[in-house]
Amino acid sequence: MLSIKDLRVSFQQSTGALTEVVHGISLDLDRGETLGIVGESGSGKSVLSLATMGLLPRTAQASGQILFEGQDLLKAPEKQMCGLRGRKIGMIFQEPMSALNPAMTVGAQIAEGLRLHNGLSKSDARAETLRLLEMVQIPNAAQRIDSYPHEMSGGQRQRVGIAIAIALKPDLLIADEPTTALDVTVQAEILDILDDLVAELGISLILISHDLGVIARIADRTLVMYRGDEMEHGDTEQVLRHPRHDYTRKLLAAMPRRALKSLDQTGGEKPHA
Ligand SMILES: Nc1ncnc2c1ncn2[C@@H]1O[C@H](COP(=O)(O)OP(=O)(O)OP(=O)(O)O)[C@@H](O)[C@H]1O
Ligand SMILES: [Mg+2]
């Protein structure tokens with residue numbers, strides 16, 4: 001469903017010179033599959049996801065192909081990308097507070113897209129919103145639906161962010177560091193919810209993190225990036241158990257022991273597999 005071929009992204013410097021920051025990345029993603037992208041800060045993970053969503057700044061130049069359901073997104077006009085974002089490609093952000101409107105209840109924010117894009121009536125949109133809040137396991141959803149973002153915990157806000165991202169039933173979800181701002185327990189809960197949703201709704205997920213432990217938990221396949229290059233790419237278990245590159249070995253060595261333990265307990269398999 002998604003096939004990226006030899007993606008290169010450069011930024012124009014103030015001097016006019018071009019600096020390439022993504023050096024020919026290729027990847028394929030099937031329906032229902034989860035791809036983890038891991039790499040240290042500045043390796044090009046966000047640039048790759050912005051390119052896929054058609055959200056690169058004007059100073060960026062991209063070449064290669066980003067084929068989504070057969071269409072090259074790099075060539076798609078902005079008007080068409082607007083129609084794809086949300087409806088076909090959902091996004092989950094690192095800091096949900098910045099993605100939520102502080103002046104609207106969370107229920108109204110989820111319902112807005114349902115009414116606008118799916119033409120649901122007010123009461124149907126509210127019923128669907130409630131169902132979504134239950135899917136992302138917000139406790140007392142019937143009450144929380146009328147809460148404002150600041151009345152919720154970080155973990156609850158991220159659940160709302162996920163509910164918004166899946167509301168229009170996209171085929172692809174891109175989550176850029178969705179759990180980085182959360183504590184470990186909540187992080188694990190959110191990852192489990194994402195993993196369940198992907199299985200339940202048959203959507204594909206690109207999960208971006210600098211933390212191999214997060215990737216190991218739910219990604220079928222893993223792409224390791226370093227300074228805009230692919231270091232390795234393969235089955236998550238294979239990459240973690242038999243890293244071929246020094247960089248991956250260093251990432252593994254830097255992983256907290258707790259994360260490695262969870263990998264051992266599941267035999268390197270996804271916890272739900
Ligand atoms: N708008 C921009 N203008 C110029 N250079 C940029 C811009 N955005 C990103 N870059 C550069 O592109 C490279 C990749 O950045 P990117 O944000 O993709 O890294 P990342 O892997 O997401 O890192 P992090 O883990 O910190 O989020 C970096 O060298 C960064 O400085
Ligand atoms: Mg980033």
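The legends below describe close-up views of a predicted model.

Local features are reported at pLDDT of at least 70 and side-chain atom pairs at pLDDT 80 or more, whereas totals for chains, interfaces and linings use all residues. Residues are numbered from 1 along each chain as its sequence is written, chains are lettered from A and ligands numbered from 1 in the order in which they are written, and side-chain values use heavy atoms, with hydrogens and water left out.

**View 1. The four-stranded open sheet, with order S2-S1-S4-S5.** Pairing in this sheet is antiparallel, where two strands pair if DSSP finds at least two bridges between them, and where helices (H or I, at least four residues) and strands (E, at least two) are DSSP runs numbered from the N terminus. Strand S2 (18-29) and strand S5 (71-72) are the edge strands, each pairing on one side only. Strand S1 (residues 2-12) and strand S4 (residues 60-68) run antiparallel and are joined by eight bridges, and valine 9 has alanine 62 in S4 as its bridge partner. Helix H1 (residues 45-53) packs on this sheet and touches S1, S2 and S4, with a direction at about 110 degrees to that of S1; contact means heavy atoms within 4.5 Å, while axes are lines fitted to C-alpha atoms, for helices over the stretch in contact, and angles run from 0 to 180 degrees between N-to-C directions.

**View 2. The hairpin of S4 and S5.** Two bridges join these antiparallel strands, S4 and S5, and leucine 67 stands opposite aspartate 72 in S5. Two residues lie between the strands of the hairpin, and glutamate 69 in the turn has a positive phi of about 50 degrees.

**View 3. The six-stranded open sheet, with order S6-S7-S8-S3-S9-S10.** The pairing here is mixed, and the edge strands, each pairing on one side only, are strand S6 (89-92) and S10. From one strand to the next, the twist averages 15 degrees. Strand S7 (residues 172-176) runs parallel to strand S8 (residues 204-209), the two being joined by five bridges, and isoleucine 174 has isoleucine 206 in S8 as its bridge partner. H1 lies across strand S3 (34-38), S6, S7, S8 and S9, running at about 150 degrees to S7. Helix H7 (residues 154-167) also packs on the sheet, where H7 touches S6 and S7 and has a direction at about 170 degrees to that of S6.

**View 4. The hairpin of S9 and S10.** Six bridges pair strand S9 (residues 221-226) with strand S10 (residues 229-235) in the antiparallel sense, and methionine 225 has glutamate 230 in S10 as its bridge partner. The hairpin has two residues between its strands, and arginine 227 takes a positive phi near 50 degrees.

**View 5. The aromatic pair of tyrosine 226 and tyrosine 247.** A search of the whole structure finds one aromatic pair. The ring centres of tyrosine 226 and tyrosine 247 are 4.6 Å apart and the planes lie at 35 degrees, so the pair is tilted; rings of Phe, Tyr and Trp (its six-membered ring) pair if their centres lie within 6.5 Å, with planes under 30 degrees apart counted as stacked, over 60 as edge-to-face and the rest as tilted. Because tyrosine 226 lies in strand S9 and tyrosine 247 in helix H11 (residues 246-253), the pair ties together parts that are 21 residues apart in sequence.

**View 6. Helix H4 and its contact with H7.** The axes of H4 and H7 come within 9 Å and cross at roughly 10 degrees, and the two helices are therefore roughly parallel to each other; angles under 35 degrees count as roughly parallel, over 145 as roughly antiparallel, 65 to 115 as roughly perpendicular and the rest as oblique. Val106, Gln109, Ile110 and Leu114 in H4 meet Val160, Ala163, Ile164 and Ala167 in H7. By class, this contact has seven nonpolar, one polar and no charged residues, where Ala, Val, Leu, Ile, Met, Phe, Trp, Tyr, Cys and Pro count as nonpolar, Asp, Glu, Lys and Arg as charged, and the others, Gly among them, as polar.
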